[in-house]
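The entries below follow the order in which I checked things.

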Amino acid sequence: MEKEQLMKILQEEEYPEFMFEKTIEKILNFNSKIKEYFEQWLKDGNFPEIEIEGYTFTQLMCEFSMKPVGAFITLDWLIRDPEKAKNALKRGIK
């Protein structure tokens, strides 16, 4: 994954510029499973059929109004710190 490619995606998803560096760092440090799904999404644009801790990619996008990058970041968070991530989702983070 190239930083330039990731910056373009973040621009398309209307991320504020001040968030680019930290968000790109999160993407580059994805868990290997999430990284694989993310890279496949970059290639074909199809949303992955993945569920982590009871949350799916599609659910995060629909119920929490996340854009694809946000859903991938949240799934990665669910792997790395499931209790904290689940509590935040229950409180309604978007």
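In which hand does helix 3 pass helix 5? I found a right-handed crossing (the near helix is turned clockwise from the far one by less than a right angle). Helices here are DSSP runs of H or I, at least four residues, numbered from the N terminus.

I noted that this is a predicted model, where local features need pLDDT of at least 70, side-chain atom pairs count only at pLDDT 80 or more, and totals for chains, interfaces and linings use all residues. Residues are numbered from 1 along each chain as its sequence is written, and side-chain values use heavy atoms, with hydrogens and water left out.

Next I looked up the geometry. Helix 3 (residues 32-44) and helix 5 (residues 68-80) pack at about 165°, axes 10 Å apart. Axes are lines fitted to C-alpha atoms over the stretch in contact, and angles run from 0 to 180 degrees between N-to-C directions. The pair is therefore roughly antiparallel (over 145 degrees).

I then checked helix 5 against helix 6. Their angle is about 130°, with axes 5 Å apart.

Last, I looked up the core. The largest nonpolar core has 27 residues (buried Ala, Val, Leu, Ile, Met, Phe, Trp, Tyr and Cys joined through side-chain atoms within 4.5 Å; buried means under 20% relative accessible area, 1.4 Å probe, protein chains only). Helix 5 gives the largest share, 6 residues. Leu75 is among those with the most contacts inside this core.

Terms used: Helices (H or I, at least four residues) and strands (E, at least two) are DSSP runs, numbered from the N terminus. Angles under 35 degrees count as roughly parallel, over 145 as roughly antiparallel, 65 to 115 as roughly perpendicular and the rest as oblique. Buried means under 20% relative accessible area, exposed over 50%, partly exposed in between (1.4 Å probe, protein chains only).
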